[in-house]
Amino acid sequence: GLYREIGDYNRSLEHAFACRQTGRDHHVKYLKLFLADRLLASAMSAEIAQTHLLLKHLDSAHIYASEALKLNELINGAKWNFPIYLLSTIENMKGNYQTAIDGYRTANFLARQNRFYHDTLQVFSGMSTAFRNSGQVDSAIHYASMVEQSPNPDREIKPLLEALDNLR
């Protein structure tokens, strides 16, 4: 993830694939707090999908996001929201805006069940973009404003910048 954040996508993929393979071979559990006790392979598949999204490799992103979803990681008794968010973003980038919006709504519901409240801002940002892309400006402004005005201290910069872009 750190390599991805600085734009070194190739190195990010290299490390994520290695971690994913180790996780598969040895059934390693993830140690990071919010995904503690989850399969490393699931988390790494989602990381790989996110990196492919940034590279605009939508088919590859879809394969790995689907793989993360199929591993059926349950968090607080619900499916993990992040792979659904990724799949929704892929649909948005493909121009399937209603499918993307429906997926984002599901991801938002699951993020709340997972108690990943900071992820709702990522979802709202994606929804804002999908609404903007589909010409539904009022809805785009509504969801972008929710991100922009959020007092959540865990608000990530990427969704905030996306929301601000949608407000201009």
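Are Y85 and Y104 buried or exposed?

1. Both Y85 and Y104 are buried, where buried stands for under 20% relative accessible area, exposed for over 50% and partly exposed for what lies in between, with a 1.4 Å probe and protein chains only.

2. The model is predicted, so local features need pLDDT of at least 70 and side-chain atom pairs count only at pLDDT 80 or more, while totals for chains, interfaces and linings use all residues. Residues are numbered from 1 along each chain as its sequence is written, and side-chain values use heavy atoms, with hydrogens and water left out.

3. Six aromatic pairs are counted, a pair being two rings of Phe, Tyr or Trp (its six-membered ring) with centres within 6.5 Å, called stacked if the planes are under 30 degrees apart, edge-to-face if over 60 and tilted for the rest. One of them joins W80 and F82 in a tilted arrangement, 5.9 Å centre to centre with 40 degrees between the planes; W80 is buried at a relative accessible area of 7%, and F82 is buried at 9%.

4. Y85 and Y104 also form a tilted pair, at 5.9 Å centre to centre and 45 degrees between the planes. This pair links distant parts of the chain, with Y85 in helix α5 and Y104 in helix α6 (residues 97–114), 19 residues apart; helices here are DSSP runs (H or I, at least four residues), numbered from the N terminus.

5. Ring pairs join W80, F82, Y85 and Y104 into a cluster.

Definitions and conventions. Helix = DSSP H or I, 4+ residues; strand = E, 2+ residues; numbered from the N terminus.
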